[in-house]
Amino acid sequence: MAGRVRIEALRAKLNATGGRPAIAMAAHNPLSAKLVADAAGFDAIWASGFELSASYAVPDASIVSPSVHLEMTRAMCEVQDLPVIADLDTGFGNAINLAYAVPRYEAAGVAGIVIEDKTFPKDSSLRIDGRQSLVTVAEFQGKIAAAKDLGSMLVIARTEALIAGLGQEEALKRAQAYAEAGADAILIHSKQKTPDEILDFCRAWPYQVPLVIVPTSYPQLSFEEIYRLTNGKVGLVICGNHSIRATVASLKRTYGQILQDGGIASVERDIAPVADVFALQGDASMRELERKYLLSGGNPW
């Protein structure tokens with residue numbers, strides 16, 4: 001699917017009404033992105049910085065290089081048709097760094113980007129006792145302006161005011177300033193174990209600009225409840241790290257079972273058949289190319 005089509009598809013999903021918000025599932029490589037698309041129910045793919053960092057076994061602290069991040073995101077766009085939302089953290093630095101990145105992510109087929117108002121290098125929002133310092137409102141407005149001026153992708157502005165412990169008033173002040181700077185949506189994040197402060201923020205939100213949440217720390221709310229309890233103000237829910245967590249749990253379980261059994265026989269019933277992997281790899285399409293160009297016994301034309 002062409003980039004422009006994906007951008008407009010994401011915009012429509014973000015602003016739709018229908019009893020629940022749009023749902024984006026996290027992915028960290030092309031295989032997980034294709035599995036999200038094959039699930040046939042998610043509205044978008046979250047190219048998660050946390051998941052990508054974890055897949056390289058490094059902290060989520062601006063360690064993975066921008067080039068690696070871009071190429072992995074491009075590969076996610078290439079293997080499936082859902083809109084991809086790229087988690088750009090702080091935008092790799094200031095507004096100048098972001099200005100360099102934006103056209104490259106749009107050329108890669110990305111439909112939307114999320115940038116957050118923390119200082120570079122970032123620290124994971126959910127890390128206990130993490131370093132959560134924010135840039136000034138004016139500086140972050142400049143980042144939003146750069147992203148809007150230099151690309152057509154949706155720009156989702158993420159405020160970490162609640163994560164940093166700055167309170168509801170500061171979170172609302174920053175979110176309103178970011179909406180006024182042109183953000184297409186506002187991501188409000190919390191690490192509280194209950195959804196109370198997020199719901200309070202959503203109820204107090206006075207703008208038509210849709211909200212985005214990542215309910216990792218408060219998973220008890222269903223998507224329908226989120227929509228109902230916020231009066232439809234939440235346009236997108238991001239399942240922020242479930243692909244990598246499921247991968248880690250499954251691999252640890254499989255490896256342990258093989259070692260416990262001293263063989264591979266018992267895990268066969270719990271792991272995907274090789275045929276499923278071939279299907280994800282596009283083996284059928286390759287066979288068609290072979291028949292047309294390698295096995296025809298002559299020129300295909």
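User: Which residues of β5 are buried on one side, and which on the other?
Analyst: This is a predicted model. In it, Leu154, Ile156 and Arg158 are buried on one side of β5. Val155, Ala157 and Thr159 are buried on the other. Both faces are covered.

User: How does β4 pair with β5, parallel or antiparallel?
Analyst: Parallel, over 5 bridges. Strand β4 covers residues 112–116. Glu116 stands opposite Arg158 in β5.

User: What does the chain pass through from β4 to β5?
Analyst: Helix α6, residues 137–150. This β-α-β crossover is right-handed.

User: And how many bridges join β5 to β6?
Analyst: There are 4, and these two strands run parallel. Strand β6 is residues 185–188. Ile156 stands opposite Ala185 in β6, and Thr159 stands opposite Ile188.

User: Which helix lies on the way from β5 to β6?
Analyst: Helix α7, residues 167–180. The crossover through α7 is right-handed.

User: Zoom out. What do the strands close into?
Analyst: A barrel of 8 strands, paired in parallel. The order is β1-β2-β3-β4-β5-β6-β7-β8. From one strand to the next, the twist averages 25°.

User: New topic. How many residues are in the largest nonpolar core?
Analyst: It has 79. Those with the most contacts inside it are Ile85, Tyr105, Ile113, Ile186, Trp205 and Leu236.

User: Take Ile85. What is it in contact with, leaving aside neighbours within four places in sequence?
Analyst: Its contacts include Ile156, a residue of β5 that is buried. Leu236 is another contact of Ile85, and Leu236 is also on the list of residues with the most contacts inside the core. Others include Leu10, Ala24, Trp46 and Val114.

User: Now cysteines. How many disulfides does the structure hold?
Analyst: It holds 0. Cys202 is in no disulfide. The nearest cysteine sulfur to that of Cys202 belongs to Cys239, 16 Å away.

Key. Residues are numbered from 1 along each chain as its sequence is written. This is a predicted model: local features need pLDDT of at least 70, side-chain atom pairs count only at pLDDT 80 or more; totals for chains, interfaces and linings use all residues. Side-chain values use heavy atoms; hydrogens and water are left out. Buried means under 20% relative accessible area, exposed over 50%, partly exposed in between (1.4 Å probe, protein chains only). Two strands pair if DSSP finds at least two bridges between them. A crossover is right-handed if, with the strands pointing away from the viewer, the path from the first strand over the helix to the second runs clockwise. A disulfide is a pair of cysteine sulfur atoms within 2.5 Å. A nonpolar core is a set of buried Ala, Val, Leu, Ile, Met, Phe, Trp, Tyr and Cys residues joined through side-chain atoms within 4.5 Å. Contact means heavy atoms within 4.5 Å. Axes are lines fitted to C-alpha atoms, for helices over the stretch in contact, and angles run from 0 to 180 degrees between N-to-C directions.
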